[in-house]
Amino acid sequence: MAQVPILHQGDIMIVSIQSALTDSDMLELQGRILEELVRFGATGVIIDVSVLDVLDSFATRTLCHIASAVQLRGAKTVVVGIQPEVALSMVLLGLTLNDVESALDLDAGLDILWRRAARAGA
Amino acid sequence: MQVLDQATTCHGVASDADVVRARQQGRSLATRLGFGRPDQALIATAISELARNIVNYAKRGEIEISEIRRDNRTGVLVVARDQGPGIDDIQAAMTDGFSTGDSLGLGLPGTKRIVDEFDIQSAPGQGVTVRFVKWVL
Amino acid sequence: MEQTTSSSIDDLGSQDQSIMARLAWCAIEKADLERVRELAPFAEDIADMVIERFYEHVLSFDHAAAMFANEGIIERVKAGQRRYFLELTSGRCDEQYVQNRVRIGEIHERSGIGPDLYIGAYDYYLHQLGRLLLERQSDNPRHAFELYLSLQKMAHFDMALALETYVNARERTIEAQQREISELPTPVLQLKEGLLLIPVVGTLDSYRARALTIELLDAIKSLRAKVLVLDITGVSAVDSAVANHLLQTMTAARLMGAHSIVTGISVSVAQALVKIGVGGDVLNTFGDLQRGIEQAEKLLAGTI
């Protein structure tokens, strides 16, 4: 399976999921995100899940783990692009992205991270 | 994957790639049967949970996805079977917050909530069979 | 037409027994039926004249005249009315008779002819007939009075039937209208960029709540909304099921990056929502939409 592209925009990493991920793919992605976070010293991570039609318990948990680990390095994660029916399924199944911020799309996510950076800088 | 008849598919599940395949098959049947988008996502997610349980706890098993009709209703029937170690305490497994330690639970109570009919059979050493039905509205 | 008539009969209870019970209640006995039958030829005689006078009377009132737009209608109605009034003196009181009276109630409800017009019409006919009867039987006023009393009993029997069916038909119309209203799709209004107002109206059963949620989430996506104001003033019953639907909707919206404010709730409903986990800070409990929108705008300003 092709690797999930990770782009860097200034201090921000953009993880752009392109297709359905198996559990192992997700674990692998988790590792890569943390590795690149450290290597590039990013302050924010955007994970774009707009292509995913299912966010089950494993995916949800992994996103939470990623966000925790990212936070330990002083950076912030924003999950973007959760589709309407995926959001509803998650809620009905009781899956939550507890302390992970989520936004509508890439622009909204970048906005959140820039404002955070601006506040931190000031 | 075996196609048993036009509307029934049976998937061997032994790897996490199989988990993805099974749920995609489920979603595509759901779409064909006329389920709305939210229900399509719910069915796919439920299949994902059951298939993952098979891979994680029993190493291998199968998921059968078929169309079901009763009275005037159409729906999808999913049966997830394995011959693994089975569940000791079904009641506990069906309670929210159940955990086996190395993972955060089997996702069963959540699955039960989102489907119309749900049943689970298991005994230690005798594998697990979970069956659910969801009707088109 | 047949169907509505028989359902009205069912409303009035099982057929024969109900008719016997009504007759007993109206103190109508065999003697009364005989007396009205005695009036039959007289009624036949004067029917056309009385009905003519009645319509002159009616057409002199604007609101009633408006009902009778053209000659064709007037002639048809007069003919119908002649039949109706002559049946009054037929001395019959069977199922067929009752069904005809019931049908009148339904026709009136459908045509918007209220009880006042119906009773007024009946009264007019009765007093015209009473006066003419007295003139005709001036040699035996006592007997004329007995005849008239029996006739009056029959008239009231009729009126009770017609009025009951009128009321039942009214209630069914109102129920149907309420159902229609509650099934209207909920509008999603964009107050400004990023801010949506959703006035939820009617009963919120699982089916409707689910449809509303998905519609809302789709709107968040297509309109790029950041703040939602959910006004539930118009929701008829906020029980725990509704509260849960609301919470689910708000949580799903949050996953899509949108914050929610709920307005139009009483303090007790707000408490119930907080108990099931809806954050107190997003609840505007003043039942005041204006303040809810202000709060929403503040939130929106904070997010852009």
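This is a predicted model: local features need pLDDT of at least 70, side-chain atom pairs count only at pLDDT 80 or more; totals for chains, interfaces and linings use all residues.
1. Overall form of chain C. Chain C contains 12 helices and four strands, and its C-alpha atoms fill a box of roughly 95 × 40 × 30 Å along the principal axes. Its radius of gyration is 30 Å, whereas a compact globule of 304 residues would have one near 19 Å. Of the 304 residues in this chain, 42% count as buried. Among the chain C contacts with a separation of 6 or more, 73% are between residues 24 or more positions apart.

2. Surface of chain C. The accessible surface of chain C is about 16,000 Å², and carbon and sulfur atoms contribute 55% of that area.

3. The sheet of chain C. Four strands of chain C form an open sheet in the order E1-E2-E3-E4, and the pairing in this sheet is mixed. Strand E1 (189-192) and strand E4 (259-263) of chain C each have a single partner strand, so these two stand at the edges and one side of each is left without a neighbour in the sheet. On average, and with direction ignored, neighbouring strands of this sheet are turned by 25° against each other. Strand E2 (residues 195-202) and strand E3 (residues 227-235) of chain C run parallel and are joined by seven bridges; in one of the pairings between them, Leu197(C) has Val229(C) of E3(C) as its bridge partner.

4. The sheet of chain A. Chain A has an open sheet of five strands, with mixed pairing and the order E1-E2-E3-E4-E5. Its edge strands, E1 (6-9) and E5 (101-103) of chain A, pair on one side only, and the twist from one strand to the next averages 25°. Strand E3 (residues 44-48) and strand E4 (residues 76-80) of chain A are paired in the parallel sense over five bridges, and Gly44(A) stands opposite Lys76(A) in E4(A). Helix H4 (residues 106-121) of chain A packs on this sheet, where it touches E1, strand E2 (12-16), E3, E4 and E5 of chain A; the direction of this helix makes about 160° with that of E4(A).

5. A covered helix in chain A. How many residues of helix H3 (residues 84-93) of chain A are buried? The count is 10 of its 10 residues, and the buried set includes Glu85(A) and Ser89(A) as well as Val86(A), Leu88(A), Met90(A) and Leu92(A). These buried residues pack against helices of three chains, namely helix H2 (57-72) of chain A, helix H1 (16-33), helix H2 (37-58) and helix H4 (108-114) of chain B, and helix H9 (206-223) and helix H10 (240-255) of chain C. After H3(A) comes Gly94(A), whose phi is positive, near 80°.

6. The nonpolar cores. In soluble globular proteins, nonpolar side chains tend to be buried together. The largest nonpolar core of this model has 98 residues, of which Ile33(A), Ile47(A), Leu55(A), Ile82(A), Ile63(B), Ile220(C) and Leu228(C) touch the most other members. With neighbours within four places in sequence left aside, Leu55(A) is in contact with Val49(A), Thr60(A), Leu63(A), Ile82(A), Val86(A), Met90(A), Leu95(A) and Thr45(B).

Technical notes
Residues are numbered from 1 along each chain as its sequence is written. Chains are lettered from A and ligands numbered from 1 in the order in which they are written. Side-chain values use heavy atoms; hydrogens and water are left out. Two strands pair if DSSP finds at least two bridges between them. Axes are lines fitted to C-alpha atoms, for helices over the stretch in contact, and angles run from 0 to 180 degrees between N-to-C directions. A nonpolar core is a set of buried Ala, Val, Leu, Ile, Met, Phe, Trp, Tyr and Cys residues joined through side-chain atoms within 4.5 Å. Buried means under 20% relative accessible area, exposed over 50%, partly exposed in between (1.4 Å probe, protein chains only). Contact means heavy atoms within 4.5 Å. The radius of gyration is taken over C-alpha atoms; the globule rule is 2.2 Å times the number of residues to the power 0.38. Accessible areas come from the Shrake-Rupley method with a 1.4 Å probe; for residues, only the protein chains shown count as cover.
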